[in-house]
Amino acid sequence: MNPDSVKSTLQTLAYGNVMAAAARDYQKEILAQEKAHASSSVNEEVDLDELMDDPELEKLHADRIAALKREAEKRQSLTKKGHGEYREITEGDFLGEVTGSEKVICHFCHREFYRCKIMDKHLKALAPSHVDAKFIKIDAENSPFFVTKLGIKTLPCVILFRKGIAVDRLVGFQDLGGKDDFTTRWLEALLIKKVIIDEKKKDNDEEAEYDESRRRTVRVSANHDSDSE
C-alpha cells in the first residue's frame, strides 16, 4: 500500500472524528441550554405566583384603596359645602361662606368690568380641580359693608381666607404681569405659591406612580410597585 495514501486516509479519519466529536459537544450544549431555559421559566412562574400572595404587595394595595376611599369621602364632604364649583354669593351669605371652610378664595367683582370677567373665567376653570379650597365671587357694588371693612379700593380684588381670616389678596392683575392675557396656569401657580390651593397630581399621574411603586416592590421581592370702582 502506498504510504502517502495511508497517511491521507488516516488524516481524513482523524478529521472526521474531530468533527463528529464537535457536533456531539454542540448538540449537548444546545440541549443543556434548552433544559436550563425551561427550568428558569418554571422558576419564574413559581416566583410570580408567590409574589401575587406577597404580604407587602397586599398591604400596598390595601393602603392605596384606603387612601382613595378617604380622599373620596373628603371630596364628598367638601362638595356639600360648595367646593368644586365657582359660585356667586350675596352679602348676607358672606360670613357663613368664608367661615364655613378652611380655605376660601373670594373674588370681589363688578358685573360690568372687563377685567373682572377675565378673573371669573380663570377662577371658574380652577374650581373643579381644586376642591380643597372654596371658590366664590361677590358683587362689590352690592356689598358695601365688606368692601369698606376689607379696605377694597381696586377691582378685581381676590381675597384669600384661611379659617375665616383674610390672609392675602390679589389686587387687579399686578401679580399676573399687569396684562389681560395671563394664563389659568399662571394664576394657579400664584395661588399655590400663596398656599391657598394644593399642587395636585392628575389622576393618571397618581395611577402611574402607584403602578411604578408596585413594579418596584415586585423587583425587590424577586431579588430577595385692573379696573377701579
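This is a predicted model: local features need pLDDT of at least 70, side-chain atom pairs count only at pLDDT 80 or more; totals for chains, interfaces and linings use all residues.
Trainee: Why is His 122 called buried?

Mentor: Set the value against the cut-off. Buried means under 20% relative accessible area. His 122 has 3% relative accessibility, so His 122 counts as buried.

Trainee: And what does His 122 touch, leaving out residues up to four places away in sequence?

Mentor: With those left out, His 122 touches Phe 182, Thr 183, Thr 184 and Leu 187. Thr 184 and Leu 187 also turn up on the helix 6 side where helix 4 and helix 6 meet.

Trainee: What makes up that meeting of helix 4 and helix 6?

Mentor: From helix 4 come Met 119, His 122, Leu 123, Ala 125 and Leu 126. Helix 6 brings Thr 184, Leu 187, Glu 188 and Leu 191. Sorted by kind, the contact residues are six nonpolar, two polar and one charged.

Trainee: How would you describe a pair of packed helices?

Mentor: Two numbers do it: the angle between the axes and the distance between them. Here helix 4 (residues 114-126) and helix 6 (residues 184-193) pack at about 70°, and their axes are 10 Å apart.

Trainee: Why are helix 4 and helix 6 called roughly perpendicular?

Mentor: Angles of 65 to 115 degrees count as roughly perpendicular. The angle here is about 70°. Helix 4 and helix 6 are therefore roughly perpendicular to each other.

Trainee: Is the crossing of helix 4 and helix 6 left-handed or right-handed?

Mentor: Right-handed, for helix 4 and helix 6.

Trainee: Which residues of helix 6 are buried?

Mentor: Leu 187, Glu 188, Leu 190, Leu 191 and Ile 192. The cover over the buried residues of helix 6 includes strand 2, helix 4, strand 5 and strand 6.

Trainee: What happens just after helix 6?

Mentor: Val 195 takes a positive phi of about 55° there. Val 195 is in the loop between helix 6 and helix 7 (203-223).

Trainee: Why is Lys 163 called exposed?

Mentor: Exposed means over 50% relative accessible area. Lys 163 comes in at 63%, so Lys 163 is exposed.

Trainee: Now Lys 103: what makes Lys 103 buried?

Mentor: Buried needs a value under 20%. Lys 103 has a relative accessible area of 8%, so Lys 103 is buried. Lys 103 lies in strand 2 (residues 103-109). Not counting residues up to four places away in sequence, Lys 103 touches several residues, among them His 83, Asp 132, Phe 161 and Val 195. From Lys 103 to Gly 164, 61 residues apart along the chain, the C-alpha separation is 8.0 Å.

Trainee: And why does Asp 120 count as buried?

Mentor: The limit is under 20%. Asp 120 has 15% relative accessibility, so Asp 120 counts as buried. Asp 120 is in helix 4. Apart from residues up to four places away in sequence, Asp 120 touches Tyr 86, His 107 and Lys 137. Asp 120 and Pro 156 are 36 residues apart in sequence, and their C-alpha atoms are 9.4 Å apart in space.

Trainee: What can you tell me about the peptide bond from Leu 155 to Pro 156?

Mentor: That peptide bond is cis, with omega near 0°. Pro 156 is in the loop between strand 4 (154-155) and strand 5 (157-162).

Trainee: Zooming out, how many helices and strands does the protein chain have?

Mentor: Seven helices and seven strands. Of the 229 residues of the protein chain, 32% count as buried.

Conventions
Residues are numbered from 1 along each chain as its sequence is written. Side-chain values use heavy atoms; hydrogens and water are left out. Axes are lines fitted to C-alpha atoms, for helices over the stretch in contact, and angles run from 0 to 180 degrees between N-to-C directions. Helices (H or I, at least four residues) and strands (E, at least two) are DSSP runs, numbered from the N terminus. Angles under 35 degrees count as roughly parallel, over 145 as roughly antiparallel, 65 to 115 as roughly perpendicular and the rest as oblique. A crossing is left-handed if the near helix is turned anticlockwise from the far one by less than a right angle, and right-handed if clockwise. Contact means heavy atoms within 4.5 Å. Ala, Val, Leu, Ile, Met, Phe, Trp, Tyr, Cys and Pro count as nonpolar, Asp, Glu, Lys and Arg as charged, and the others, Gly among them, as polar. Buried means under 20% relative accessible area, exposed over 50%, partly exposed in between (1.4 Å probe, protein chains only).
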